[in-house]
Every structure is written in C-alpha cells, then in structure tokens.
Amino acid sequence: MGAALLERLDVSSFVSVGNKADVSGNDLLEYWEDDPGTDVIALYLESFGNPRKFACIARRVGARKPILLVKSGRSGAGGRAVRSHTAAAATPDAAVDALTRAAGVIRLDSVHELIETAVLLTSQPLPTGRRVAIVGNSGGPQAMAADACEEHGLVVPELPPGLLKGRTGAALGNPVDLTADATAAEIGAAVEVLAASPEVDVVLVVYTPPFGDGPAATRQAIADATKDTAKTVLACVIGHDGLIDGRVPGYAFPEQAVQALAHAVRYAEWRRRPIAPSIAPPQADEKSARKIVNAQLEACPAGGWLSPAATARLLGCYGVRLAESIDADSPEAAALAAERVGLPVVLKAIGPVHKSDVGGVRLDLRTQEEVRRAYREMSARIGDGMTGAIVQRLLPSGVEIIVGGVNYPAFGPLVMVGMGGVMADLLADRAFRVPPVTDAADMIGELRCAPLLHGYRGSPPADVGALADQVTRVGRLLDDLPQVAELDLNPVIVTPDGATTVDARIRVAPCEPPPSPLLRRLR
C-alpha cells in the first residue's frame, strides 16, 4: 500500500509503524499537524491504541488539514455472541464510523479511493457548497455523473436560462451537453462561464475522447479556463486518470470523480460547522450507580443481566424516566400488581431477551382475571426461560424509539438511537455517537423515522427534547460506567408529553480499571 501511495501521490513523508511499540498514529498526527510540507494526511490503520486521544487530536488537526483514513477489520468475522438489539447493531465498525465522523476524519473503503480523494484535496480549494455543474460532450457519461451526484447527496441545479450558449442540439440545462462536435474552445468557454457563476459551487468537466479536438487540446482548454478561478474544478476524461496542468484532478470514470468530490464536500461542511458550545453534563448520582454495578459483579463475577429492579435503580441514578413497573412471580401476584398500577396493564416476561419473539408480551389486559390467564399462558409457552414477569400500566400510544449503548474494552462506549419496538432490527434505522453526546437533537434528526416525531401527517409533534435528554443521560451513564457492557431502552414511548422507557435491559461485565494518572500522561 505504501508503494502504491509513493508511486501516485506527491508524498512529503511516509512512515510504516509496524506494531507501534513506541510511535503511534496519534504521535504522527501531531507531527504532521505542524509539518509545513504536509497538506493532507493519509492513514491506514488496523487498530486505535487510544481511540479517545485519536478523536481529540484528529478533531484539532482536521480543522486545518484533511485526514484520510482506511481502516481494516470492518467485518464481523470472529466476532462475539450478541444478545441485545444495540449490541447487534453497534458493531466495532459502527463505533469507528461514529468516532471518525465526529472528528471530521474522511473514512474511505480502499487505498484506491484514498488516492483519488487525496489528489482532489491536494490540488483544489475546498468546495463552498453542494451545487455541481456538469459540462461535457456526451450525454451518457454526464448522466452517469448526475446520477452519482444524487446518490452522494450532491445537487445538480437547473442553470439560469441564457447563462450558456451552444451549437444547435446542445442541452444547456445541467448537465450541459455541448454535443460530440464541441470544440476544445467551446468546452473551455463553458467551463469559464460556469466557474464564474454564483449559481454553482463546483464544476465537473466530463469529456469523452476522441471527439471534438481530442484529449490533448481539451485538457489544455480546461487548464486555461480554470487558471484564475477559486472554485473547485475537477474533470473526468473517460478512460484516463491524471492531473491536468498539475492542478485539475482528472478521473477515468464519472463515479470516481463524484465519489472523491462528495468526500471533499462533506469535509468542507464539517470545517465550516460552528464549534458547539460547551454543555454541562446532566446531573447524576454516580456514587450510587457504581454501588449497584459493583454489587452485581460481586454476586456474579463473570457479569450478567441486571434484574428489572436493579436496572430501574441504575437508570434512576441518571434521571432516565421509566414507566412504573411491579415484579410478579405468579398469576395472583401479577393480578395484584395490576390493581396497584391501575388497569389496563401490560404483562412482560422476565428472562427472554427478545420477549415478543416468544410471546412474552401481552398488551391491554383490562381485568385481573385477564392478567392471571395471560401469566399462566405465558409461563406455559416459555417454560423455564421465564423467571417471572413485570406489570406496567398501559401508556398512551406514541412513537417507539430505541436508545441504547455498548462498551467495547478496546474502544470505549458507543451510544445509539433508532426506530424502536419490534421494528428495531428489521428497519435498521439508527444513529451512533461516541459520548459525551453533545448533539443529541442532531443525532435524532439523522433518523429516517425522524418525521414521525415532528407531527407526521397530522399527528401531534412529540417531545423530541425529552428524547434528546434521555440520549444524553445514557451517554453519561456509559461514559461513567465502563462495566455496563450493553444497555437497551426499547421501546422509549415518545409523546407530546415526554419520553418514557417501558422496557430496559442492562448487562454488566468486568473490565480492566482505567490506567493510572502516570500511565495516562505517558500515553
């Protein structure tokens, strides 16, 4: 990989760190941060020695210089057995994605993609927006470029009438197809007009040889037309890679050009994003929370799932709102619990992880006799896997959301929010963050189901602020307690009046203590 980079990029320095016994990627980031000969930093990593430190350094360095990353080990091969919804979704690769995204690192799938993106970032100014003008001499490749732009979230806007002139048969809307007969001078003139237009942020030239005046003359026309512009310009000369005039990146195929451009656009947007103000962490009773976790690990040194009562107490230490629940170990105890919380009620089995899959949830039980019967039927169906049940008052309907988290020994905590209920795994609509979570509202807004929370098709808007508060509090819990290996709040019922967790599971596991202050300083 190093040889490929050295052959195709203007490399200021190249380091292969081996097993990183004394020099890590974090050390090199800090070196290249101040190296005047380095404009873009490219990394291939198999692991993060200290993910938190990497994120902190990368965020600072990335504000001045783009950081490109190819990270191997994306698959789940050789992974662990997972039992909760969150653990199944929040893979280590999802953790890397969340970390790099927050730090502004451009994560790439291959070294080839890294090279293509690095060429653009080292030769052109950062894009000022997502509006792309596509100009060339063949409709097919230009249509492919437009499709790729849409796929990557870029905009191909309709151009103002009269902005461009072209020969008979030319399409001047956007993409701009000047036809196969267009001369190099005509292509260059169109590029110059588009580069000067306030209607676009990026100009992508797509030229299909050997038409017009041929590749050499067309390359020269592109170079001449862009020598004085401050706008981002890139080209696709079908079948040919290489810089034009040493400064305009050229790609063999439209999709390559657009993919590199999309990375640059997202990075530029991250750079322009205002620094979020410091937010005080939510209040929490960390001391009591540690006692609950330590008591569980003393009783079960290998770890395990907390009881519903212990789960409720632990979440209460962090101000997470739960529906009132009463444990029951028999049909009669369940009936009495229903009377206490108030009918109608919900009966849920204790024991199975995915209760709905085994008939471990019964809704809208309206009499004590219905509760008794439901308990007996549930117990008969599940057998020894059912160790009891909980009874809850039936809540008003709302949007079902899952909030969860995992702690990886080698990586740290990861927080998740997504579409909840029985659809949590099927729809896979999720967003992740590395805590502390300072942008929970933005995190929720990334979900495809987010419109449901804002009054979709006449429904009343839900209390997104209350949901965001729960996400933030879960983030602090995971940050404070590395022994919390998995956490699921599913579903969290979000209504106009708040966000209430109706089912929660927490698994704790032993973990190594954090390093001493001296070791932290040495690292």
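Me: Which residues make the nonpolar surface patch of about 410 Å²?

Reply: Val422, Met423, Leu426 and Leu427 make that patch. Patches are made of residues with over 30% relative accessible area and no salt bridge, where like charges are joined within 9 Å and nonpolar side chains (Val, Leu, Ile, Met, Phe, Trp, Tyr) within 5 Å. Accessible areas come from the Shrake-Rupley method with a 1.4 Å probe, and for residues only the protein chains shown count as cover. Val422 sits in the loop between strand E15 (412-419) and helix H15 (424-427).

Me: What kind of model is this, and how are residues numbered?

Reply: It is a predicted model, in which local features need pLDDT of at least 70 and side-chain atom pairs count only at pLDDT 80 or more, while totals for chains, interfaces and linings use all residues. Residues are numbered from 1 along each chain as its sequence is written, and side-chain values use heavy atoms, with hydrogens and water left out.

Me: Is Val422 buried or exposed?

Reply: Buried means under 20% relative accessible area, exposed means over 50%, and partly exposed is in between (1.4 Å probe, protein chains only). Val422 has a relative accessible area of 64%, so this residue is exposed. As for the element names, helices (H or I, at least four residues) and strands (E, at least two) are DSSP runs, numbered from the N terminus.

Me: How many aromatic pairs are there?

Reply: A pair of aromatic rings is described by the distance of the centres and the angle of the planes. Rings of Phe, Tyr and Trp (its six-membered ring) pair if their centres lie within 6.5 Å; planes under 30 degrees apart count as stacked, over 60 as edge-to-face and the rest as tilted. The count here is one aromatic pair. The ring centres of Tyr267 and Trp270 are 6.2 Å apart and the planes are at 20 degrees, so this pair is stacked. Both residues lie in helix H10 (residues 254-272), three residues apart, about one turn of the helix. Tyr267 and Trp270 are both buried.

Me: Which residues is Gly104 in contact with, leaving aside its neighbours within four places in sequence?

Reply: Contact means heavy atoms within 4.5 Å. With those neighbours left aside, Gly104 is in contact with Tyr267 and Trp270, the two residues of the stacked pair. Gly104 is found in the loop between helix H5 (92-103) and strand E3 (106-108), and at 9% relative accessibility Gly104 counts as buried.

Me: Which residue lies over the face of Trp305?

Reply: A charge sits over a ring if NZ of Lys or CZ of Arg is within 6 Å of the ring centre and within 35 degrees of the ring normal. Here Arg505 lies over the face of Trp305, at 4.2 Å from the ring centre.

Me: How many salt bridges does a search of the whole structure find?

Reply: Side chains of opposite charge can pair when their charged atoms come close. A salt bridge is a side-chain nitrogen of Lys or Arg within 4 Å of a carboxyl oxygen of Asp or Glu. The search finds 24 salt bridges. One of them joins Arg107 and Asp97, with the closest N and O atoms 2.8 Å apart. Arg107 is in strand E3 and Asp97 in helix H5, so the pair ties together parts that are 10 residues apart in sequence. Arg107 is buried at 12% relative accessibility, whereas Asp97 is partly exposed at 32%.

Me: What does the salt bridge between Glu446 and Arg101 tie together?

Reply: The side chains of Glu446 and Arg101 meet at 3.0 Å, N to O. Glu446 lies in the loop between helix H16 (440-445) and helix H17 (464-480) and Arg101 in helix H5, so the pair ties together parts that are 345 residues apart in sequence. Arg101, Arg433, Asp439 and Glu446 are linked in a network of salt bridges.
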